[in-house]
Every structure is written in C-alpha cells, then in structure tokens.
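Welcome! Let's take a friendly look at a few places where this protein chain packs against itself.

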Amino acid sequence: MAEQNAIPASPSSFPATELTNAFVAFLFSASAPVAIILSAGVKGGLSQADLASWIFAAFVLNGILTIVMSAIYRQPLAFLWTIPGAVLVASALQHLPFSEVIGAYLLTAALMLVLGLTGWVGAIMDRIPMPIVMGMVAGVFLSFALDWIRSFASDPWLAGAMTATFFLVSFFPAVQKRLSPIIGALIAGVCALVIMGRAPALEHITLATSVASPQFHAPAFSWAAAFELVLPLAVTVIAVQNAQGIAVLRNSLHRPPVNAITNACGVFSALTACLGCVSTCLAGPSNAIIASGANASRHWLAAIFLGVMVIVFGLFSPLVTQALLATPAAFVATLAGLALLRILQGAFHTAFRQHFTLGALVAFLVTLGGLPLFGIGAPFWGVVFGVATSFVLERGDFSKQASN
C-alpha cells in the first residue's frame, strides 16, 4: 500500500469546525479514558507520582507524535494509548511488580516495530475485508451513541438543549455555512451549564499542584510478564485500536500509512514505557471525531489542534482533571455521541451495503457483546469471528475482493 496521503490540505479560512471537533475529541480523550488509567493504577498500588507520570507520557508524548505524523502525512493521525491495554495492565499489576510491567511494555514496543518494519502489518490489513472491520467499528461506536441517548435520562435539560440545537442547525443549510451543528451543540451546552449554575469551578489549586512531574522507571524483564502482557498488548494496539482508527480514516477517504503508524507506535511505546505509560496506539474514537468534518482536506488541522490540547492537558493534568470531573458526564457523552453520528452511519453503510454482510453482522454483535477471551478485548474477536463466518458462508465474496 502506498505510504502517502490521499487528500491535499487547503487551510483557506479559520478552521472553526476543525477546532471544535478537536475540542470534542479532547474532551472524550481526557474524561473516561483518564478514569481508566486512575482505576488501573489504584488497583495496582501505584503512587500518585506514578500516575502523574503515566498521564504525562500518555498525553504529552503522544500529542507530539500526533502533531508530527499529521503534519507529515497531511491527514488526521491522532495517537493516544490503548485503553484495553490499560485494563489488561490493571489485572497484571495485581501480581506483577511495576518494573516487570515496564519491561513488558518495552518488549511489546520492539515487537510492533519489527512488524511495522517488515511490512507484515500493512499486508494483513489490506487483506481483511473492510465491511467486517467496519462492522467491528460500528459495534465499538454504538456504545458511545447509546451513552448520548442515556444522557437524556440522567440530564435531560442539558442533553436536550444540545441535541435540539444540533438538529436545528443541521436543518438549515444556510446556517451551517456559518455555524456547524457540533459548534452549535457545544455553545448550547456551555450556555445551559451557566444558566443552570453548573459551570465547573476550580478549588484548592496552586501552580505547584497543577504541573505534572514525569519520572523515569527502570524496567525489569520476566517470563511471567512477557507471556501475560506482550502478545495481548500488541494485539490490542495493532488488531483492535489501530484497526479501528485505520478503518475510520479509510472510510473518511484518507489513506493512513499502516506500516508507518505501526513503526511510530513501536518507537513511542518505548518512550512512554520509560515514564510508566501503557503502549501507544492510533486512537479510534478520537480520529472518528476529528474526521467527522465535511471538508476532508482539513481533517489534519483538527488532529494538530488535538495534539496541542492533549499536550497542554498532560502538562497541567491535575488542573484540567478537576475541571472535567466537575463537568456533568452528559455534556461529554452528548458531544461525543452527536459528533460520531455521521461516522456511525458510514460504518453501518460500509458494513452492510453489499459484500461480507453476514461476517460484518457477526463482527458487530461480538464487539457489541463486549466479552473478552483470553484477556483480549471483544473488538479483536469480532474481526476474527466475522472473518471466519465469511470464510465459511460467504466464500464468493473473498473471490470478488481478490479480483478487485
């Protein structure tokens, strides 16, 4: 596959939509995923300094990678960390010392780098039927859309104001030329919080407590950590997280450089590991949000904005975390759900349009079910069982794919 971008950039006017999409992606990345890090660390007995270093590496180093890769390839390439991997690490930290987990991070980084340099990852990704992958993506993103719907039960006025504004702006094409629907929803949400007296307030924060302090962790290597973590972590990055991100970008008319992405994940996984962070990956939901704008040639600008935002968050994570924790969950859930509507529609369209439809359905259901096997998340098994189903019951579609 050609390692190049497909769409030229044309930043001819102020990128308001791209800036807003980046902010929504940032809110998504800095809310629930951060809570997963904190939960994993607390269960594993990590100190506050360890957690601060983890969050610093997850956002600052991966934010730098996001900016560099998006600028080079002129397409949205947002990198963060593997959330399923963090869940795996939470379990491993129950019986493994943190130093051995760090060693497993480094071995995982080496494995990903080998796979990227040999080109095997690109060859594998080119052969997996896109409808099946998009069935898996639909299964992942559907949960975010459902969180938006559930927000009406927990916070009906906030979710209702944002949703009504989104569809009202969408209904008038002339208004959309000046105000995108997601910008309207964001403004409506902020106004609703202010009117209801629920705007987040920061208390007991000083400069000393606002700035994160990264620290170096010396690795230790053990067979137990290697067998438990290396292959599952590599699978969650390459076959789950990166597969989602690549499928989303391809569906948005981009040509993500698969091997270069894998190489970048390998290199930066090694760097973040030294600061205590789980492996780097291409972010599926964040890329979906920043690639939801109508002008695909400007999606890379949203990725640049996102990179800057996550870097700032990593530098001042205690301050931003308090603000986000004080914001109603329905605010982020509604923004993310509305931003992913078109992406989810495109995923369903690609998955069930013509070929591999049964395999795509199995991939969708297995992913939506959310049951992990052997410590590996459901999205991976969704693709596995989807491909197996099509191989047995839709053999003709593979012949058609080979001839195209």
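Leaving aside neighbours within four places in sequence, Trp 54 is in contact with Ile 37, Ala 40, Gly 41, Leu 46, Ala 86, Val 89, Tyr 105, Leu 275, Gly 276, Cys 277 and Val 278. Keep in mind that this is a predicted model. The largest nonpolar core has 114 residues, and Trp 54 and Phe 59 touch the most other members.

| Helix pair | Residues | Angle | Axes | Crossing |
|---|---|---|---|---|
| α3 and α15 | 48-73 and 299-315 | roughly 160° | within 8 Å | left-handed |
| α12 and α13 | 223-251 and 258-273 | about 135° | 11 Å apart | right-handed |

Take α3 and α15 to begin with. Their axes cross at roughly 160°, and an angle over 145 degrees counts as roughly antiparallel, so α3 and α15 are roughly antiparallel to each other. On the α3 side, the contact includes Ile 55, Phe 56, Phe 59 and Val 60; on the α15 side, Trp 300, Ala 303 and Ile 304 are among the residues taking part. The residues of this contact divide into 15 nonpolar, 5 polar and no charged.

Next come α12 and α13, which pack at an angle of about 135°. That angle makes α12 oblique to α13. Helix α12 contributes Val 237, Ile 238, Asn 242, Ile 246 and Arg 250 to the contact, while Val 258, Ile 261, Thr 262 and Cys 265 come from α13. What is the division of these residues into nonpolar, polar and charged? There are 6 nonpolar, 2 polar and 1 charged in the contact of α12 with α13.

Conventions:
Residues are numbered from 1 along each chain as its sequence is written. This is a predicted model: local features need pLDDT of at least 70, side-chain atom pairs count only at pLDDT 80 or more; totals for chains, interfaces and linings use all residues. Side-chain values use heavy atoms; hydrogens and water are left out. A nonpolar core is a set of buried Ala, Val, Leu, Ile, Met, Phe, Trp, Tyr and Cys residues joined through side-chain atoms within 4.5 Å. Buried means under 20% relative accessible area, exposed over 50%, partly exposed in between (1.4 Å probe, protein chains only). Contact means heavy atoms within 4.5 Å. Axes are lines fitted to C-alpha atoms, for helices over the stretch in contact, and angles run from 0 to 180 degrees between N-to-C directions. Helices (H or I, at least four residues) and strands (E, at least two) are DSSP runs, numbered from the N terminus. Angles under 35 degrees count as roughly parallel, over 145 as roughly antiparallel, 65 to 115 as roughly perpendicular and the rest as oblique. A crossing is left-handed if the near helix is turned anticlockwise from the far one by less than a right angle, and right-handed if clockwise. Ala, Val, Leu, Ile, Met, Phe, Trp, Tyr, Cys and Pro count as nonpolar, Asp, Glu, Lys and Arg as charged, and the others, Gly among them, as polar.
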